[in-house]
Amino acid sequence: MRAVVVSQPGEVDALEVVDVPQPQPGPGEVLIEVAAAGLNRADLLQRRGFYDPPPGESTILGLECSGSIAAVGDGVTDLPPGTQVCALLTGGGYAEYVVVPAGQVVAVPRGVSLIEAAGLMEVACTVWSNVFMMGKLDNGETLLVHGGGSGIGTMAIQLGKAFGARVVVTVGSEEKAEFCRELGADIVINYREQDFAEVLKEQGVTADVILDIMGAKYLAPNISVLSTAGRLVIIGMQGGLKAELDIAALLTKRAAVMATSLRARPSAEKAAIISAMVAQVWPLVADGTVRPIIHTTFPLEDVRTAHQVLEDSSHTGKVLLTL
């Protein structure tokens with residue numbers, strides 16, 4: 001089967017499409033014939049050699065996909081061959097076939113195509129687990145999302161509004177700002193032109209939950225705009241790894257700082273997140289309240305171009321590979 005591998009860690013030219021053996025499902029697993037795979041920034045880190053898969057997992061890139069069940073292992077009874085599904089992966093999505101624990105696979109929700117479904121699982125699970133399960137965002141609270149035009153950002157806007165929150169986002173261009181407003185964002189700040197913390201302080205706005213992809217660079221300003229009992233959830237390090245933490249500011253606000261990742265969690269934890277997410281989010285997808293935002297698609301052979309689009313942050317929503 002065709003699959004994308006990294007010949008040697010580096011830039012986009014390190015990606016190669018090669019023939020590799022087709023995997024076979026073991027007990028409790030399914031084999032998916034991949035229709036499309038979603039790109040994520042974690043893929044860029046893995047390509048550069050900074051984010052290796054957990055021991056024993058596929059070294060092929062790709063943390064989410066959609067497709068059809070091709071075969072099932074022992075003990076799998078609720079996903080018969082031919083079922084159209086989307087899946088959260090630990091790796092292996094950039095390939096014609098991938099093996100996945102059955103608990104990380106769900107039927108494609110009504111209202112979206114099989115290709116579009118490839119851009120749902122990672123963003124929906126990330127937002128649901130971090131903003132709602134950990135951050136405990138409640139109706140009437142304010143959610144601040146950094147990177148509002150990203151796949152995660154566009155999903156966070158939609159889910160935040162669907163559950164009654166005021167949503168604030170930061171973006172890097174006026175084009176993305178306008179798109180976020182159309183999705184329902186209440187306050188949009190272009191971080192290239194304004195300091196988000198200063199803007200919010202001038203408007204008297206504080207955030208009950210912050211979903212942060214930046215890490216070190218935004219630690220102090222994030223804490224400065226937290227509400228009393230606010231929750232800062234860090235899921236990325238695009239702004240660096242280390243920063244000084246003002247513990248007094250946290251104590252004064254009785255605030256919390258949390259950091260999570262999804263990939264390395266045990267399959268049972270992922271299955272629990274997926275189950276909770278599907279129960280809450282899939283009905284919103286089916287009725288059109290929430291939709292996958294797809295920027296563009298590329299065939300598998302154009303994976304280098306697809307990665308460059310993600311590198312340049314020129315996209316709004318998800319970039320997909322199709323097979």
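Trainee: Hi! Let's start with A229: where is it placed?
Mentor: A229 sits in strand β12, which covers residues 226-234. Keep in mind that this is a predicted model.

Trainee: Is A229 buried, exposed or partly exposed?
Mentor: A229 counts as partly exposed, because its relative accessibility is 35%.

Trainee: And R254, what about its phi?
Mentor: The phi of R254 is near 50 degrees, again a positive value in a residue other than glycine. R254 belongs to the loop that links α7 (247-253) and β13 (256-259). Its relative accessibility is 59%, so R254 counts as exposed.

Trainee: Nice. Switching to helices: how do α2 and α8 pack?
Mentor: Their axes are 9 Å apart and the angle is about 95 degrees. That is why α2 is roughly perpendicular to α8.

Trainee: Which residues meet there?
Mentor: From α2 you have M121, A124, C125, W128, S129 and M133, and from α8 they meet I273, I274, A276, M277, Q280, V281 and W282. By class, this contact of α2 with α8 has 11 nonpolar residues, two polar and no charged.

Trainee: What about α1 and α9, how do they pack?
Mentor: Helix α1 (residues 41-48) packs on helix α9 (residues 303-312) at an angle of about 110 degrees, and the axes are 10 Å apart. So α1 is roughly perpendicular to α9. The crossing of α1 and α9 is left-handed.

Trainee: Which residues make that contact?
Mentor: On α1 look at R41, D43, L44, R47 and R48, and on α9 at H307, L310 and E311. The contact of α1 with α9 counts two nonpolar residues, one polar and five charged.

Trainee: Now the core. Which residues touch the most other members in the largest nonpolar core?
Mentor: M121, L159, V169, M277 and W282 do, in a core of 45 residues. Elements that give two or more residues to this core include β5 (84-88), α3 (151-162), β9 (166-171) and α8 (267-286).

Trainee: Which element gives the most?
Mentor: That would be α2, with eight residues.

Trainee: Back to M121: what is it in contact with?
Mentor: Setting aside neighbours within four places in sequence, M121 contacts E64, C86, A87, L88, Q104, V106, I274, M277 and W282. There is also a second, separate core of 36 residues, and A3, V30, L79 and V85 are among them.

Trainee: V85 is handy. How far apart are P55 and V85?
Mentor: C-alpha to C-alpha, P55 and V85 are 26 Å apart in space, and in sequence they are 30 residues apart. You'll find P55 in the loop between α1 and β4 (64-72). P55 counts as exposed because its relative accessibility is 84%.

Trainee: Last one: where is G215, and is it buried or exposed?
Mentor: G215 lies in the loop between β11 and α6 (219-224). With a relative accessible area of 9%, G215 is buried.

Trainee: What does G215 touch?
Mentor: Not counting residues up to four places away in sequence, G215 touches I234, G236 and G240.

Trainee: And how far apart are G215 and L61?
Mentor: They are 154 residues apart in sequence, while the C-alpha to C-alpha separation of G215 and L61 is 24 Å in space.

Notes
Residues are numbered from 1 along each chain as its sequence is written. This is a predicted model: local features need pLDDT of at least 70, side-chain atom pairs count only at pLDDT 80 or more; totals for chains, interfaces and linings use all residues. Side-chain values use heavy atoms; hydrogens and water are left out. Axes are lines fitted to C-alpha atoms, for helices over the stretch in contact, and angles run from 0 to 180 degrees between N-to-C directions. Helices (H or I, at least four residues) and strands (E, at least two) are DSSP runs, numbered from the N terminus. Angles under 35 degrees count as roughly parallel, over 145 as roughly antiparallel, 65 to 115 as roughly perpendicular and the rest as oblique. A crossing is left-handed if the near helix is turned anticlockwise from the far one by less than a right angle, and right-handed if clockwise. Contact means heavy atoms within 4.5 Å. Ala, Val, Leu, Ile, Met, Phe, Trp, Tyr, Cys and Pro count as nonpolar, Asp, Glu, Lys and Arg as charged, and the others, Gly among them, as polar. A nonpolar core is a set of buried Ala, Val, Leu, Ile, Met, Phe, Trp, Tyr and Cys residues joined through side-chain atoms within 4.5 Å. Buried means under 20% relative accessible area, exposed over 50%, partly exposed in between (1.4 Å probe, protein chains only).
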